[in-house]
Amino acid sequence: MFSTPLISADNTWALMAITCGWAAFSIYAEQTWTWASKMSGAIVALLGALILTNVGIIPTNCVFFDDIVWGYVVPMAIPLLLLSCDIRKIGREAGKILVVFFFGAIGTTLGALLGFQLLGDKVPNLAGVAAMMTGSYIGGTVNFAAMASAFEVPGETTSAAVVADNLLMTLYFFVLIAIPSIKFFRNKFTHPHMDEVEARGVDEEAKTQAAAFWGKKPISLCDIAINLAISVIVVWSSTEIAGFISAAFPTNQGSVVNDVIGGLFGNKYLIITTISMIIATIFSKPLEKLGGSQEIGTYLIYLFFFVIGAPASIKAIFLNAPLLLVFCAIMVIVNMLFCFIFGKIFKFDLEDCILASNANIGGPTTAAAMAISKGWIKLVGPIMLVGTLGYVIGTYFGTFVGNFLGA
C-alpha cells in the first residue's frame, strides 16, 4: 500500500469515474466472457478495487466511498431491489435462513472464544477485539463501534482490527461466491434457486447465464422516475423514523427495553426493508408492471461491491496485524462450519447456508448483494430482514464475549 495514492481522496470525479467504469466493465465481463461469468461480476468488481488500492492508484477511504456510496447509493438500492418482494411469498424462505443465521451467530461466538484461547497471550487487548468482532460478525459496523467504545479498546488496536476485518471479509466473499460452482457442495446440498437460474439457460444472443437473466426489457422514462421517487422517499422516511425512535429509546443506557426497541427499530436499514416490503406487498400488482427496478438497484449494488474491496490493505495487515487476521479467520471458519454443518443436518438449501453466513460476516447489504449477483432474487427480501436482525443481537453477543473474557 502506498502512503500517498496516485488519485487523491478529494478527487471525487476521478474516483467516481473509476468506480462507475469498473462496475460497467464487471457487468459487461460477466455477460460476455465465460471465465467472468463463472467468477461472477461481483468478484470482478471486488478484485478491481483490491488491486487498484494495493498498487497505490486509489485511496482506501474517501468522501465518495464512505459518504456517497455507503451513505446514499446503498440505501437507495435496497428499496429498488425489494419492490418485487411480496412478503406473502417469502415467509417460508425467511424462516429457514433465520435458523441458519442463528447457528452462524453461535459459531461466531464460539470462534471468538476459541481464537482468544489460542492467541490471547500473543495479541494485546484481544478480549476487547473479540467483543468487537463478535458484534461485527453477527451484526455490523454499528456493533463493532459500540463494542470498541464499551470496552475502551485502544485506537491503534481498533484500526488494525478494521483493516484485518476488511481484508478477511473480502477474501471470504470470494469463497462464498465460489462455493456454488464447487461439486462437493452441489452434491451435498439441495440448491433450488441455483437450479432455477440454470434452467433459464442461455440463448444464441446471450453468451452467459448472466446475459440471459439480465436480457433487454422494456423500461420507460416514467418507470425510471417512479423507481427513483419510491427509493428516495422510502430512504428519507425511514431515516426520519429511525432517528425519531433512536432519540426516544437511546441504547446503552442499561435498559433492555431501550436496547431492543432503539436497537431494532432505530436502525434505518430495518425500517427501509420493512417499508419497502410493505409497499411491495400492498402494491404488488401495479409494481409488476414497473420496469427497471431490479436493473437500477443491481447497478447500484455493483458500485457497492467495488467500494467494499477498497479498504482491504494487504500490506497493512502483514506489517501491522497478522495475528489479528488469523484471529478473524478463526471466527469466520467456525461460523462457516456451523452454518454448513447444521444446514446439512437440518436439510436446508445451499443458498440458505451461503447467504446466512454472508449475513453474519458481512451484514444484510453484502448478503443481499450476493443473492442479486447470483440471480437468487427471491431471497433478497428474506436475507435483508434476517441480516438486519443481526444489528440488534450482535451487541448482546459481543457484550457477553467481552465480559466473559474479562475485557
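Of the 407 residues in the chain, 56% are buried. The model is a predicted one. Its secondary structure consists of 21 helices and zero strands. The accessible surface of the chain is about 17,600 Å². Carbon and sulfur atoms account for 68% of that area.

Helix α20 spans residues 364–374 and is mostly covered. Eleven of its eleven residues are buried. The buried set runs from Pro364 to Lys374 and includes Thr365, Thr366, Met370, Ile372 and Ser373. Alanines also belong to it, namely Ala367, Ala368, Ala369 and Ala371. Glycine 375 follows α20 and has a positive phi, near 85°.

A nonpolar patch lies on the surface. Its members are Ile333, Leu337, Ile341, Ile345 and Phe346, which together have about 500 Å² of accessible area. Isoleucine 333 sits in helix α18, residues 322–345. An α-helix has 3.6 residues a turn, so residues three or four places apart point the same way.

The structure contains zero disulfides. For cysteine 353, the closest cysteine sulfur is that of cysteine 339, at 7.0 Å. A disulfide requires sulfur atoms within 2.5 Å, so this pair is too far apart for a bond. Cysteine 353 is buried, at 0% relative accessibility. Cysteine 20, by contrast, is partly exposed, with a relative accessible area of 25%.

Notes
Residues are numbered from 1 along each chain as its sequence is written. This is a predicted model: local features need pLDDT of at least 70, side-chain atom pairs count only at pLDDT 80 or more; totals for chains, interfaces and linings use all residues. Side-chain values use heavy atoms; hydrogens and water are left out. Helices (H or I, at least four residues) and strands (E, at least two) are DSSP runs, numbered from the N terminus. Buried means under 20% relative accessible area, exposed over 50%, partly exposed in between (1.4 Å probe, protein chains only). Accessible areas come from the Shrake-Rupley method with a 1.4 Å probe; for residues, only the protein chains shown count as cover. Patches are made of residues with over 30% relative accessible area and no salt bridge: like charges are joined within 9 Å, nonpolar side chains (Val, Leu, Ile, Met, Phe, Trp, Tyr) within 5 Å. A salt bridge is a side-chain nitrogen of Lys or Arg within 4 Å of a carboxyl oxygen of Asp or Glu.
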